[in-house]
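Visitor: I am new to this structure, and I would like to know what stands behind the words used for it. Please show it to me first.

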Amino acid sequence: MRIGVLTGGGDCPGLNAVIRAVVKTAAHQYHDEVVGVRDGFSGLIRNKTHPLDLDRVSGILPRGGTILGSSNRDNPFKFAEYVGGKMVQQDVSNVVVENYRKNNLDCLIVIGGDGTLDIAHRFTEKGLKVLGIPKTIDNDLFATDVTFGYDTAITTVMEALDKIHTTAESHHRVMVVEVMGRDAGWIAVAAGLAGGAHIILIPEIPFDVEKIAQKIYERKARGKHFTVVVAAEGAVPAGGDRTIKRLVEGSSETVRLGGVGEMVAQEIERITHLETRCTVLGHLQRGGSPSAFDRILATRYGAAAVFHAHEGHFDHMVALRTPKIVAIPMTEALHQMKRVEVTGSHVVTARRVGISFGD
Ligand code: F6P
């Protein structure tokens, strides 16, 4: 076979491990050829491709990012470009089909989140053979137990919380740490547990600043003059809205969140008169060398995708159903979000050990 591979949407640790596993499995098991597509679907719009052989993937297992590049504003069905200083959107999906054929591809492995995989699925209707591999640090993709990148991201946040703790304690301050997690609070709740946060704010549980202040007072009464709050970027005040930072035209999800941490910090200071600071971890969470867990999961996904390509399981996505890697129809996986269950183990455990969700 001649297999195309692309990485789309926001990057995350482990993408290179998947690319490497695809190339190695293709070479060692099937004597296939692999073609790397540059910058997500843009590479098939502009025909930017190159061969990917064993030499090209040598040494990339521990590297963060993606050697193929990525893009989160490359939806070929709604491709946004500046023409004469004006943003115009057009359907260039037929160009993608043409370039898929020009490259003599037998199938295309698409590594991406919900938006990228949805685009991949739409190309099935145009006759392309696609297979999806789920990725996102947010861990909010339905139909897979876990996405790669998440484990590394929560380790990064945990390490940041360890550092924030010492300065919070020295200065008797409240420290708010804003983390990623648009629709689901997986990063906040898991890293909050691992990093010993005292208050965790997640999109699934609307918060009340008075309740946050109450928790801070309780700690003060016990002689604890500092508090660490972790806020997912998608956390919402009860009866309020998400804090939107910007809009990205041409992205499958145009809204970019940000600012809830600063807002919460200001409210805490207004109510408690305690010095409060906010740290936004931002894209730091998407970088770094993948953890052992993410390297293994990414390798399992990559190797399984090539296997399923040879089985003819197109329009499918590989998924972890512990302990197995399975292939499930793309339609089963898309448009459903895996959110933190408010009565699930993470939240229940956090409450048991005295963590407040600001509710
Ligand atoms: O990958 C998902 C995500 O990390 C979200 O948590 C975050 O809102 C978004 O990507 C940020 O995207 P961008 O790179 O466009 O700022």
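What follows is a set of questions about terms, each answered with a value and its definition.

Guide: This is a predicted model, in which local features need pLDDT of at least 70 and side-chain atom pairs count only at pLDDT 80 or more, while totals for chains, interfaces and linings use all residues. Residues are numbered from 1 along each chain as its sequence is written, and side-chain values use heavy atoms, with hydrogens and water left out.

Visitor: Why is the pair Glu275 and Arg173 called a salt bridge?

Guide: A salt bridge is a side-chain nitrogen of Lys or Arg within 4 Å of a carboxyl oxygen of Asp or Glu. The closest N and O atoms of Glu275 and Arg173 are 3.3 Å apart, so the pair meets the definition. The structure holds 10 salt bridges.

Visitor: What parts does the pair of Glu275 and Arg173 tie together?

Guide: Glu275 lies in the loop between helix H8 (260–272) and strand S13 (276–280), and Arg173 in the loop between helix H5 (150–171) and strand S8 (174–179), so the pair ties together parts that are 102 residues apart in sequence. Helices (H or I, at least four residues) and strands (E, at least two) are DSSP runs, numbered from the N terminus.

Visitor: How do you know whether Arg173 is buried or exposed?

Guide: Buried means under 20% relative accessible area, exposed over 50%, and partly exposed in between (1.4 Å probe, protein chains only). Arg173 has 14%, so this residue counts as buried.

Visitor: What makes Asp359 and Arg351 a salt bridge?

Guide: Their side chains meet at 2.8 Å, N to O, which is within the 4 Å of the definition. Asp359, with a relative accessible area of 41%, is partly exposed, and so is Arg351 at 36%. Elsewhere, salt bridges that share partners join Arg173, Glu275 and Arg277 into one network.

Visitor: How far apart are Arg270 and Glu267 in helix H8?

Guide: They are three residues apart, which means a separation of about one helical turn. Arg270 and Glu267 also form a salt bridge, with the closest N and O atoms 2.9 Å apart.

Visitor: How many disulfides are there?

Guide: The count is zero, a disulfide being a pair of cysteine sulfur atoms within 2.5 Å. Cys12 is buried at 0% relative accessible area, and Cys107 is buried at 0% as well.

Visitor: Why are H5 and H6 called oblique to each other?

Guide: Angles under 35 degrees count as roughly parallel, over 145 as roughly antiparallel, 65 to 115 as roughly perpendicular and the rest as oblique. H5 and helix H6 (residues 186–194) pack at about 50 degrees, with their axes 8 Å apart, and therefore they are oblique. Axes are lines fitted to C-alpha atoms, for helices over the stretch in contact, and angles run from 0 to 180 degrees between N-to-C directions.

Visitor: Which residues of H6 meet helix H11?

Guide: Trp186, Val189, Ala190 and Leu193 in H6 meet His346, Thr349 and Ala350 in H11, where contact means heavy atoms within 4.5 Å. The axes of H6 and H11 (residues 345–352) come within 10 Å and cross at roughly 40 degrees. That makes H6 oblique to H11.
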